[in-house]
Amino acid sequence: MLPGTSAARCVGSHIRRFSQSGQWPRVMVARTCPKISCSVPNKVIDIRQNALFRMASVNIRGFATTVQSLQANRTANNNACYSANTMSIATYEEVLDLPNHPEKLLIDVRNPDELADTGKIPTSINIPLDKVKQAFGPETSDEAFAQQYGVPKPGLDHYLILSCRTGRRSQMALEAIAELGYRNARNYKGSWTEWAEKQGK
């Protein structure tokens, strides 16, 4: 139990007792604790001078701040997951037609040795999964990206398609760039496995 919790409960019992008796002068505890805003009797206000009550007030403020922080973090994470999960899925037919759409960028997030063994989908560039967040993050300049990967660094609205071997790592990459603000990405869920099958490789 947090220090001062018993004092807070004591205050609560006084509030309930005086509320039931109808003795409710309009005095706001918020003057002492900005996280509490309710009318309380004079006798309860006097308890504010007690050190334990002041400690309880600090605990109440700290608890409220912690809850707000957790809620903000959960909202941010939920928004990122929602953005990633609601992005469209790229199909084999769309990937097949990529040579006719230079405005779209296909990114293979497999390791380079995998591509050496199997080959790659036409027009794709290789950014391994463990490099994706750094490559698309602010620490990589446009010039450095272009020099490393041979294409201009995509903007936040650029049409991106991510691929791997079975679609799992490409989904992870999609979620990573969604956290960075990229809003127009697609996961090619079939990835190399589907491509190779339909291409007879």
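Me: How many residues of strand E4 are buried?
Reply: In this predicted model, helices (H or I, at least four residues) and strands (E, at least two) are DSSP runs, numbered from the N terminus. Buried means under 20% relative accessible area, exposed over 50%, partly exposed in between (1.4 Å probe, protein chains only). E4 is mostly covered, and its buried residues number five of five.

Me: At what pLDDT do side-chain atom pairs count?
Reply: Residues are numbered from 1 along each chain as its sequence is written, and side-chain values use heavy atoms, with hydrogens and water left out. The model is predicted: local features need pLDDT of at least 70, totals for chains, interfaces and linings use all residues, and side-chain atom pairs count only at pLDDT 80 or more.

Me: Which residues point the other way from Lys104, Leu106 and Asp108 in E4?
Reply: E4 has two sides. Lys104, Leu106 and Asp108 share one of them, and they are buried. The other way, also buried, point Leu105 and Ile107.

Me: How many bridges join E4 to E6?
Reply: Two strands pair if DSSP finds at least two bridges between them. Leu105 stands opposite Leu160 in E6, and Leu106 stands opposite Ile161. E4 and E6 run parallel, and the bridges that join them number five.

Me: Which residue of E5 stands opposite Ile107?
Reply: E4 is joined to strand E5 (residues 125-126) by two bridges, and the two run parallel. In E5, the residue opposite Ile107 is Ile125.

Me: Which are the edge strands of the open sheet?
Reply: The sheet has five strands with parallel pairing, in the order E3-E7-E6-E4-E5. An edge strand here pairs on one side only. The edge strands are E3 (89-90) and E5.

Me: How many residues apart are Tyr92 and Trp195?
Reply: Rings of Phe, Tyr and Trp (its six-membered ring) pair if their centres lie within 6.5 Å; planes under 30 degrees apart count as stacked, over 60 as edge-to-face and the rest as tilted. The whole structure holds four aromatic pairs. Tyr92 and Trp195 form a tilted one, 5.5 Å centre to centre with 50° between the planes. The pair links helix H4 (residues 92-96) to helix H9 (residues 191-199), distant parts of the chain, and the two residues are apart by 103.

Me: Are Tyr92 and Trp195 buried or exposed? And why is the pair of Phe136 and Tyr182 edge-to-face?
Reply: Tyr92 and Trp195 are both buried. The rings of Phe136 and Tyr182 have centres 5.2 Å apart, and the pair is edge-to-face because their planes lie at 85°.

Me: What is the relative accessible area of Tyr182?
Reply: Phe136, Phe145, Tyr149 and Tyr182 form one aromatic cluster. Phe136 counts as buried at 3% relative accessibility. Tyr182 is buried too, with a relative accessible area of 4%.

Me: Which ring does the charged end of Lys104 sit over?
Reply: A charge sits over a ring if NZ of Lys or CZ of Arg is within 6 Å of the ring centre and within 35 degrees of the ring normal. The charged end of Lys104 is 4.6 Å from the centre of the ring it sits over, that of Tyr159.

Me: Which side chain makes a polar contact with the side chain of Glu114?
Reply: Glu114 lies in helix H5 (residues 112-118) and is buried, with a relative accessible area of 17%. A polar contact is a pair of N or O atoms within 3.5 Å; within protein, one must be able to donate a hydrogen and the other to accept it, and residues adjacent in sequence count only if both atoms are side-chain atoms. At 2.8 Å, the partner of Glu114 is Arg169.

Me: Which backbone oxygen does the side chain of Ser124 reach?
Reply: Ser124 is in the loop between H5 and E5 and counts as buried at 4% relative accessibility. Beyond its neighbours within four places in sequence, Ser124 is in contact with Leu106 and Asp108. The backbone oxygen, reached at 2.7 Å, is that of Ile121.

Definitions and conventions
Contact means heavy atoms within 4.5 Å.
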